Amino acid sequence: MRARPATPAEGPEIVRIYNQGIEERIATFETRPRSVEDIQAWFDGAYPTVVVEDNDEVLAFATTSAYSPRGCYAGVAEFSVYTAREARGRGAGRMAMQTLIEAAERAGFWKLVSRVFVENAPSRRLLRSVGFREVGVHEKHARLDSVWRDVVIVERLLTVSDP
Ligand SMILES: CC(C)(COP(=O)(O)OP(=O)(O)OC[C@H]1O[C@@H](n2cnc3c(N)ncnc32)[C@H](O)[C@@H]1OP(=O)(O)O)[C@@H](O)C(=O)NCCC(=O)NCCS
């Protein structure tokens, strides 16, 4: 297994893995399956996206996106991580997150944040194991398939080199 920055060539494999997670209803409030066109902006260079592959097959990805349009929060990025259903439990998610953390540090971000469904034990454990802190719980933060869901806010400070 090895991790590297994602390129548009991995778009179809990333979308396949993302849509598995959307379908499972454990990872995200999103319910609409995504297309390669939907994720084109992930490769524009502003926010790091990484893939983990084995024998030229993408097993997992982790990606960052804007946290807030406010300038004061420019160094905070949201993130998510997905491993292909058939590749889980082999360390790909951890490798994706470790690589994303390094990429985000190099890109000058000072913090990664996300929200995780309280029931998503694999994600909570993975994120704890790569240094995330659980800040607290947003109760009834949004509805998924008409059901109100609670989410845990997670954050990890990054190592920034001050100019
Ligand atoms: C969460 C997810 C990314 C984990 O990826 P993975 O590649 O299976 O994880 P890894 O094999 O790298 O395991 C890393 C750690 O996660 C934890 N973990 C992974 N699967 C787990 C499970 N089924 N139950 C409990 N903990 C689990 C373990 O702590 C593991 O460390 P360990 O090997 O020391 O026990 C994967 O389950 C997934 O894609 N889920 C659907 C999408 C999702 O929920 N994404 C998170 C939303 S931000």
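A backbone N or O atom of Arg94 lies 2.8 Å from an oxygen atom of the ligand, a polar contact being a pair of N or O atoms within 3.5 Å. The model is predicted, so local features need pLDDT of at least 70 and side-chain atom pairs pLDDT 80 or more, whereas totals for chains, interfaces and linings use all residues. Residues are numbered from 1 along each chain as its sequence is written, and side-chain values use heavy atoms, without hydrogens and water.

| Residue | Atom | Distance to a ligand oxygen atom |
|---|---|---|
| Arg88 | polar side-chain atom | 3.4 Å |
| Arg90 | backbone N or O atom | 3.1 Å |

Around the ligand there are 17 residues, of which Val81, Gly89, Gly91, Gly93 and Asn120 come nearest; a residue counts if one of its heavy atoms lies within 4 Å.

Helix H2 (residues 92-106) and helix H3 (residues 121-129) have axes that come within 10 Å and cross at roughly 45°. Their contact (heavy atoms within 4.5 Å) is made by Gly93, Arg94 and Met97 of H2 with Leu126, Leu127 and Ser129 of H3.

Note on methods: Axes fitted to C-alpha atoms, helices over the stretch in contact; angles between N-to-C directions. Helix = DSSP H or I, 4+ residues; strand = E, 2+ residues; numbered from the N terminus. Polar contact = N/O pair within 3.5 Å; in protein donor to acceptor, adjacent residues only side chain to side chain.
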